[in-house]
Amino acid sequence: MQMDEYELELLDAVENATHFERVENFEDELLEAKNAAKNFLNKSKNVNIRIPEFDMLMLKRKSAELNIPYQTILSSLIHQYVTEKLKPTL
């Protein structure tokens, strides 16, 4: 995954820093940062979409075969697309 301009600047600043100072309450700050990252990454949104009945029927059939909820399959497909692991043909 390519980094955007801000991420590249941040990486450059970290790599070229002459020194770092540890904050007084490092463990508390670290825990707070980890919790914030975890909460951000675990958030999900509900969406409503229209899907042709046949496609929905086939999706539910495949999900039953795999014993995976169809919502999980849809979520996985969307994730694969946005992370460029899946290239759909339109």
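These legends walk through a few close-up views of one predicted model. Residues are numbered from 1 along each chain as its sequence is written, and side-chain values use heavy atoms, with hydrogens and water left out. Since the model is predicted, local features need pLDDT of at least 70 and side-chain atom pairs count only at pLDDT 80 or more, while totals for chains, interfaces and linings use all residues.

**View 1. The largest pocket and its lining.** Here we look into a pocket of about 440 Å³. A pocket is an open set of points on a 1 Å grid over the protein atoms alone, where a 1.4 Å probe fits, with protein on both sides within 12 Å along at least five of seven lines; lining residues have an atom within 4 Å of a point. The volume is the space filled by probe spheres set on the points, which are joined across faces, edges and corners. There are 15 lining residues, and Val 47, Gln 71, Leu 74, Ser 75 and Ile 78 lie nearest the centre. Helix H4, residues 70-82, gives the most to this lining, with 8 residues. Helices are DSSP runs (H or I, at least four residues), numbered from the N terminus. Sorted by class, the lining has 8 nonpolar, 6 polar and 1 charged residues. Nonpolar covers Ala, Val, Leu, Ile, Met, Phe, Trp, Tyr, Cys and Pro; charged covers Asp, Glu, Lys and Arg; the others, Gly among them, are polar.

**View 2. Where H3 meets H4.** Helix H3 (residues 53-66) packs against H4 at an angle of about 105°, with the axes 9 Å apart. Axes are lines fitted to C-alpha atoms over the stretch in contact, and angles run from 0 to 180 degrees between N-to-C directions. The two helices are therefore roughly perpendicular, a label for angles of 65 to 115 degrees. On the H3 side, Met 56, Leu 59, Lys 60, Ser 63 and Leu 66 meet Tyr 70, Ile 73 and Leu 74 of H4. Contact means heavy atoms within 4.5 Å.

**View 3. A closer look at Ser 63.** This serine sits in H3. Ser 63 counts as buried because its relative accessibility is 8%, and buried means under 20% relative accessible area with a 1.4 Å probe, protein chains only. Leaving aside residues up to four places away in sequence, Ser 63 touches Ile 68, Pro 69, Tyr 70 and Ile 73.

**View 4. Asn 67, in the loop between H3 and H4.** Most residues other than glycine have a negative phi. Asn 67 is not a glycine, yet has a positive phi of about 60°. At 69% relative accessibility, Asn 67 counts as exposed, a word kept for values over 50%.

**View 5. The segment after H4, with Glu 84.** Glu 84 also has a positive phi of about 60° without being a glycine. Glu 84 is exposed, at 60% relative accessibility.

Note on methods: Angles under 35 degrees count as roughly parallel, over 145 as roughly antiparallel, 65 to 115 as roughly perpendicular and the rest as oblique.
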